[in-house]
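Reader: I am new to this structure. Please show it to me, and then take my questions one at a time.

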Amino acid sequence: MRKIMILNAKGGCGKSTIATNLASYYAVENKKVVLADFDPQLSSLGWLDARNKDPNWEYPEITGLDAANKTPTVPNDTDILVMDAPARIHGKEMSNLLRRTETLLVPVLPSPVDIRAATKFIHQLMLTGRVSSKQSRIAVIANRVKENTLIYQTLLTFLNSLRIPVIACLRDSQNYIRAAEKGVGIFEMAPSAVYTDLEQWEPLLKWLKGRASRPK
Ligand SMILES: Nc1ncnc2c1ncn2[C@@H]1O[C@H](COP(=O)(O)OP(=O)(O)O)[C@@H](O)[C@H]1O
Ligand SMILES: [Mg+2]
């Protein structure tokens, strides 16, 4: 089973957006996908509700688990486990959560406040001792990026100094809002409408396929 967690202590940086789109990508690929929502707000499960309610279309199945209120039991035949982590997570709670994953994706918004918060958070992650090549691999996704802004360059310089790869830069796009409303991923929308976004996911999906995203 492939275990991928999306986390960042900050709310609103795109954790649920990336978790749900990633789940949809693997479901379209015919994988058996479980989407475990560790956030008490349960946005990912809300997305799944919207998905299952659409009477016009049967989307590939994704199993949702409420991991915020009870310890999740992940079915043995799961191919891909996508975990949507809660915001405001620290200390012991964070190390417990990290034990469940082999790949960590940290979405960061390129704003001064978010970059400052992400800097602190990534330092904390490193200190837990679980984020290393042995236990889990980490990568950053720059989200809602307006390229060529100075603050975006600052983010890249910071990550470079920690040797953390930035494996995708996703633009700010209404397609994510539309997808969230309907309970679909951009991989399930008309390619003519989402091709720019699909292209931006390519390096992330490639990284997830390769060795560099798994522990040694
Ligand atoms: N790349 C993006 N483009 C446009 N809107 C986005 C993008 N990423 C996230 N959003 C929107 O930003 C808001 C917060 O995103 P969300 O994924 O819920 O963050 P988190 O789970 O980290 O709190 C949501 O309304 C979501 O639709
Ligand atoms: Mg969320």
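Reader: Which residues in α4 meet which residues in α5?

Author: This is a predicted model, in which local features need pLDDT of at least 70, side-chain atom pairs count only at pLDDT 80 or more, and totals for chains, interfaces and linings use all residues. Residues are numbered from 1 along each chain as its sequence is written, and chains are lettered from A and ligands numbered from 1 in the order in which they are written. Helices (H or I, at least four residues) and strands (E, at least two) are DSSP runs, numbered from the N terminus, and a contact has C-beta atoms, placed from the backbone, within 7 Å. On the α4 side stand Pro112, Ile115, Thr119 and Ile122; they meet Ile151, Thr154, Leu155, Phe158 and Leu162 of α5.

Reader: How are α4 and α5 oriented to each other?

Author: Their axes come within 10 Å and cross at roughly 10 degrees. Axes are lines fitted to C-alpha atoms, for helices over the stretch in contact, and angles run from 0 to 180 degrees between N-to-C directions. Angles under 35 degrees count as roughly parallel, over 145 as roughly antiparallel, 65 to 115 as roughly perpendicular and the rest as oblique. α4 and α5 are therefore roughly parallel.

Reader: Are α1 and α2 oblique or parallel to each other?

Author: Helix α1 (residues 15–28) packs with helix α2 (residues 43–53), their axes 9 Å apart. The angle is about 45 degrees. α1 and α2 are therefore oblique.

Reader: Which residues make that contact of α1 and α2?

Author: From α1 come Ser16, Ala19 and Thr20. From α2 come Ser43, Ser44 and Trp47.

Reader: What is the strand order in the open sheet of seven strands?

Author: Pairing is parallel, and two strands pair if DSSP finds at least two bridges between them. The edge strands, β3 (62–66) and β7 (166–171), each pair on one side only. The order is β3-β2-β4-β1-β5-β6-β7.

Reader: What is the bridge partner of Pro107 in β6?

Author: Strands β5 (residues 103–108) and β6 (residues 137–145) pair in the parallel sense over six bridges. In β6, the partner of Pro107 is Ile141.

Reader: Which elements give two or more residues to the shell around ligand 1?

Author: The ligand is surrounded by 17 residues, the closest being Gly14, Lys15, Ser16, Thr17 and Tyr176. A residue is near if its C-beta atom, placed from the backbone, lies within 6 Å. The elements that give two or more are α1, β6 and α6 (174–182).

Conventions. Contact = placed C-beta atoms within 7 Å.
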